[in-house]
Amino acid sequence: MLNWIERRTGFVSITKDFLTEDVPGGASYWYVFGSATLFAMIVQIVTGIFLTFFYAPSAMTAWESTKYIYAHPFQHTVLSIHYWGASAMIALVFLHLLQVVIWGAYKSPREIQWIVGVLLLLVTMVLGLTGYLLPWDMDAYFASQVAINLTLNVPFIGGWIQQFVQDGTTMGTLTINRFFGLHVWLMPAALVALVAAHLTIFRWNGPAGPPVEDPRPLRKGRFWPDQLFMDTVASLLVLIGILALASFWPPFLDAKADPTVQFTPYPAWYFLDLFGLLNLVPGNLEIVGAIIIPGFATTLLLLLPWIDRSTTRVLGSRKFILWLLGISLAIIWWLTIWSQLSIMGKQAATPAPAPPPAAAKVPASTTAAVSPAAKAGQAVYSQNCSSCHGAAGAGMPPNFPPLAGNPFVTGDPNQVILTVLNGKTGAISVNGQTYNGQMPAWKSPLSNSDIANVVTYIRSALGPNHAGAVTTADVAKLKK
Ligand code: HEC
């Protein structure tokens, strides 16, 4: 039987070759990180495929179908495994990378294997980021909004990337579809292709072995059965860990995304450091925290085999690299903890479901006096503007300026109309606070009368604003 298969496929000799690979220094539990990461990836693919049977990507159904999954114990368990599996996979990629750095296993001839490994880390993080949006609950919405707006900082093509992932003036069904496509097709395909390359190169070079310099050749071990046994034990431990976390701390689904409510988003733990970095840099230097520092760190990581060029892998002779690693880890830890504490502080300070300040501030008599144009403008506002500027015009640093109590809005009406017609980018300052984001142009999605009404509304009836109305003719005059 085996012979019959072997003659037609070569599978038996391929398997034999695979199993009899040499393991320098003998099998060891030090070698399990790569295979444990691979195992976590398989868990993610299997549970992820299962979840697509139930999940429906659109603004009307994403949260609802996730709620359905939560309501059914088996589906909920699979979702919890997928949720914790993501954390496990990222943690294992980090551990694997850490060991490779400490052991100097990136050195010649393994430079390309190392680069593919760093790309795998990036793809894994993009998978985490794109998956975060899919439940479409409050946290998913607001955390992803931060991420989407950060893409605007990418030089030259930032606007294009932002439109590619968001597609439209606000986040909605198209955004969910973009993230879904990235999360279930493009990124997994890239992941599998890169893993295949990583493993093929690994078989070509063979394992690096421990970082010792010993003239005697290392005792040779075999992959089968010792190393395979240890890899299996490690994968089992990973599985037990994921199952335990999934049963004791299942994730929970927040209220459905509501762009009009104030919400302090919370990123996944592996993005806390970046989140902290962004909070540290002043608003007008966002590009430093969003692009320059992370880009520099990634470049450094990619070029590591050429930065640490000595041929020795012995730890004692590589003090510089180990110090660099230690300092980087200390900074990452510090940023993570600092960011966690500052988010907790902000969440404590955000008043729980506050009544819209506009309603509270505008006395009943003025509300009654609101013109029909402003009433119509309010409808336009809640449809098109409130997702960024807030239902009450309170805005949201560091991107979205407030419109209530903003002197620009109550100032020269022509300037306000021009801004709404043509959009606006670049840093602006409102009441001493800097904002920098992209305000879409409204001249084609909205009619002249809609624009006149919404400008009238934000100038005359939003929060404390009491400036004069504008007319459709004013808008027509300025529209080119
Ligand atoms: C996608 C998010 C988004 C939407 C939707 C949006 N805006 Fe904006 N808006 C912004 C951003 C970001 C800025 C600041 C631009 C900058 O940094 O230069 C801004 C700026 C403004 C300003 C100028 C404020 C100032 O102080 O200079 C006005 C006025 C304004 N928006 C009105 C509106 C109106 C009216 C609507 C609805 C028709 C709207 N916005 C919809 C994001 C948005």
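Author: The protein splits into domain 1 (23-349) and domain 2 (357-478), with bounds that come from an automatic or database domain assignment. Bear in mind that this is a predicted model, where local features need pLDDT of at least 70 and side-chain atom pairs count only at pLDDT 80 or more, while totals for chains, interfaces and linings use all residues. Residues are numbered from 1 along each chain as its sequence is written.

The C-alpha centres of the two domains sit 40 Å apart. Where they touch, 12 residues of domain 1 are in contact with 15 residues of domain 2 (contact means that the C-beta atoms, placed from the backbone, lie within 7 Å). On the domain 1 side, those residues divide into two nonpolar, nine polar and one charged. Here Ala, Val, Leu, Ile, Met, Phe, Trp, Tyr, Cys and Pro count as nonpolar, Asp, Glu, Lys and Arg as charged, and the others, Gly among them, as polar.

Now for the ligand. There are 31 residues around the ligand, and Cys385, Cys388, Phe408, Gly437 and Met439 come nearest; a residue is near if its C-beta atom, placed from the backbone, lies within 6 Å of the molecule. By class, this shell has 17 nonpolar, 13 polar and one charged residues. Several elements supply at least two residues each, including the helices α18 (386-389), α20 (413-422) and α21 (448-460) and the strands β3 (424-425) and β6 (438-439). Helices (H or I, at least four residues) and strands (E, at least two) are DSSP runs, numbered from the N terminus.

Which residues of α17 and α21 meet? From α17 they include Ala373, Gly377 and Tyr381, and from α21 they include Asp450, Val454 and Tyr457. By class, this contact has eight nonpolar, five polar and one charged residues.

Definitions and conventions:
Contact = placed C-beta atoms within 7 Å.
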